[in-house]
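Good morning, and thank you for the time. I would like to walk through one protein model, beginning with a helix and then turning to the strands beside it.

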Amino acid sequence: MSDYASTIDQATLDFARSPPVTRAPDASECSEASEASEASEEPEVLEAPELSEAPEARRARKSQKWRKHDMPRERLIDQGPGVLSDLEMIVLVLGSGLPGHDVFSVARELLDRFGSLRAMLDATYADFDGLRGIGPAKKAQLLAIMEMARRSLVDRMRRRSLMNSPEVVENYLRLLIRGRPQEVFVSLFLDARHRLIRSEESARGTLTRMAVYPREIVRRALALNAASLIVAHNHPSGAVQPSASDCSLTRTLREALALIDVQLVDHLVIGAEGVYSFARAGWP
């Protein structure tokens, strides 16, 4: 070992013992290294080509935004049902739509078909045929709601004197026969305190004609032990003014009922936008 060490001269030993020298890279090397580092830290991302949105998806997205913005159920809870539009009320009744047709679209088609909420409530089961999203269950649901409203009004009429509640009678009759495609004659039989005993359809006619038999109404009044009576009929044309035959029928019916000591309280004509009262008009 000593012989091998003695062969190394002093200059070589001094160089070996000196600290290592770090060489600074030139400018070109720094640039290349920087570009390589940046490339490794931020890899290139290839973006997929943008695909066009399907019309069904676009409609669903817009409808979703509309629902979140309006929130009819929450508005009803916070502010009451009076703040909701007819469309929003139908939406709450329907509850859901169907794939490709959200509940707002179905409700809008309903209003477009019937023209108004009132006309829709006058509809029959068959009138809903051909509407997307309105199957047997939805038809039954809508008709049940209309019938519930009628029965609620009937219950109110049975609990109070109708002489003091003409608006209740008119609301019930509007819901019952306004908008019918044919003339319908209805009789409301009342007890001695002017509370409702029974509501009956006494006659049904065509678009322009109807045969009403006063003797049949008198017979029913006797059978039900009625003390008074309110009668009404609709005009499919929408006109509210009574015809000459309406006036003649009213006179005949008053006279026939008077013979059995039953009072005819009023005869109402139900039009599209109003109600005509023979009693308020001074009778014919």
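Let us begin with helix H11, on the face turned away from its buried side: Arg215 and Ala223 are the exposed residues carried there. Please keep in mind throughout that this is a predicted model.

Which residues of H11 are buried? In this helix, which covers residues 214-223, they are Pro214, Ile217, Val218 and Ala221. Viewed down the axis of H11, these buried residues fall within an arc of 100 degrees, and therefore they line one face of the helix.

What covers the buried residues of H11? The cover includes strands S1, S2 and S3, together with helix H12. After H11 comes Asn225, which has a positive phi, near 55 degrees.

I turn now to strand S3, one of the elements that cover H11. S3 runs over residues 228-234, and seven of its seven residues are buried, so that the strand is mostly covered. In general, the side chains of a regular strand alternate between the two faces of the sheet.

Next, the pairing of S3. With strand S1, residues 184-190, S3 pairs in the antiparallel sense, over six bridges. Here Ser228 of S3 has Leu190 opposite. With strand S4, residues 263-270, the pairing of S3 is parallel and extends over seven bridges. In this case Ile230 has Asp266 of S4 opposite.

How are S3 and S4 arranged with the helix H12? Together, S3, H12 (residues 244-258) and S4 form a β-α-β unit, and this unit is right-handed.

The protein has twelve helices and five strands. Of its 284 residues, 32% are buried. Taking the contacts between residues at least 6 apart in sequence, 56% join residues at least 24 apart. The accessible surface amounts to about 18100 Å², and carbon and sulfur atoms account for 54% of that surface.

Key
Residues numbered from 1 in each chain as written. Predicted model: local features only at pLDDT ≥ 70, side-chain atom pairs only at ≥ 80, totals over all residues. Heavy atoms only, no water. Buried < 20%, exposed > 50% of the residue type's maximum accessible area, 1.4 Å probe, protein only. Helix = DSSP H or I, 4+ residues; strand = E, 2+ residues; numbered from the N terminus. Pairing = 2+ DSSP bridges. Right-handed = clockwise from strand over helix to strand, strands pointing away. Contact = heavy atoms within 4.5 Å. Areas by Shrake-Rupley, 256 points an atom, 1.4 Å probe, with all protein chains shown as cover. Arc of directions from axis to C-beta.
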